[in-house]
Amino acid sequence: MARNLLFFLQFVAVATLATCVSVPEKRATGGYVQNPSGTASFTHYSGCSQPACGIAASGYTAAISQLAFGSGPGLGPGDACGRCFAVTANADPYSPAYGGPFKTIVVKVTDLCPLQGNQEWCGQSRSAADNQHGAPVHFDICEDTGGAAQFFPSGHGALTGTYTEVSCSQWSGSDGGPLWNGSCIKGESAGNWPSVGCGNQGTAP
């Protein structure tokens, strides 16, 4: 009886210890910060045909700031690749009195906005979580695929607002087939963050 009790107590102790040990998620490695919703800033750019994720798309697409992208220049796709986000503007940081109209569109992340050379908007880092406009995440929306024209009011090329990760079933574009239809570019499928897709590469800035 005593032996059985001792065995039971040892089993309970091991099971309890196992529940207390957490394995870091792949997407969280390297110090990157990847939240499914929050505040954001928005600009636009052209020349989106060779994005850092490795695959271009025909619908509304965007580059995302390096701290959220999950990889650095030349390191390959980060965990943001292929994920879809509903982005909503609510202010122009350069024209505080402007009251809209503002819009919401759904974009797919295909590209990286690197910190180097883009400190104003994509300068988020482990030591400075927000950019110069108080946003922890920045989306640089591609002009070539029509997203910028749909999202930005005439004369207002920089905005702030919010973002929420959504299912890519809400995205109206095409990226060439089922291999890149929800997250990542390697044929994996994943739920919204904190679920893991590609995982991250390298170390966050």
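Student: How many salt bridges does a search of the whole structure find, and what makes a pair of residues count as a salt bridge?

Tutor: The search of the whole structure finds two, where a salt bridge is a side-chain nitrogen of Lys or Arg within 4 Å of a carboxyl oxygen of Asp or Glu. This is a predicted model, in which local features need pLDDT of at least 70 and side-chain atom pairs count only at pLDDT 80 or more, whereas totals for chains, interfaces and linings use all residues. Residues are numbered from 1 along each chain as its sequence is written, and side-chain values use heavy atoms, with hydrogens and water left out.

Student: Why is the pair of Asp-79 and Arg-83 called a salt bridge?

Tutor: The closest N and O atoms of Asp-79 and Arg-83 are 3.1 Å apart, and the limit is 4 Å, so the pair qualifies. In general, side chains of opposite charge can pair when their charged atoms come close.

Student: How do you know whether Asp-79 and Arg-83 are buried or exposed?

Tutor: Buried means under 20% relative accessible area, exposed means over 50%, and partly exposed lies in between, with a 1.4 Å probe and protein chains only. Asp-79 has 0% relative accessibility and therefore counts as buried, and Arg-83, at 0% relative accessibility, counts as buried too.

Student: Which residue forms a salt bridge with Arg-83 at 2.9 Å, and where do the two partners sit?

Tutor: That residue is Glu-165, whose closest N and O atoms with Arg-83 are 2.9 Å apart. This pair links distant parts of the chain, for Glu-165 is in strand S6 (residues 159-166) and Arg-83 is in the loop between helix H2 (66-69) and strand S3 (84-91), 82 residues apart. Helices (H or I, at least four residues) and strands (E, at least two) are DSSP runs, numbered from the N terminus. Both Glu-165 and Arg-83 are buried, and Asp-79, Arg-83 and Glu-165 are linked in a network of salt bridges.

Student: What makes strand S5 largely enclosed by the rest of the structure?

Tutor: Six of the six residues of strand S5 (residues 137-142) are buried, which means that the strand is largely enclosed by the rest of the structure. Val-137, Phe-139 and Ile-141 point one way from S5, while His-138, Asp-140 and Cys-142 point the other way, and all are buried. In a regular strand the side chains alternate between the two faces of the sheet.

Student: What makes a set of residues a nonpolar core, and which residues have the most contacts inside the largest one?

Tutor: A nonpolar core is a set of buried Ala, Val, Leu, Ile, Met, Phe, Trp, Tyr and Cys residues joined through side-chain atoms within 4.5 Å. The largest has 25 residues, and those with the most contacts inside it are Val-87, Phe-139 and Phe-151. S1, S2, H2, S3, strand S4 (104-113), S5, helix H4 (147-151) and S6 each supply at least two residues of this core, and S4 gives the most, with four residues. Apart from this core lies another, of eight residues, among them Ala-63, Cys-113, Cys-142 and Ala-158.

Student: Why is Gln-66 called buried, and what lies 3.0 Å from a polar atom of its side chain?

Tutor: Gln-66, placed in helix H2, has 9% relative accessibility and therefore counts as buried. The backbone nitrogen of Leu-115 lies 3.0 Å from a polar atom of the Gln-66 side chain.

Definitions and conventions: A polar contact is a pair of N or O atoms within 3.5 Å; within protein, one must be able to donate a hydrogen and the other to accept it, and residues adjacent in sequence count only if both atoms are side-chain atoms.
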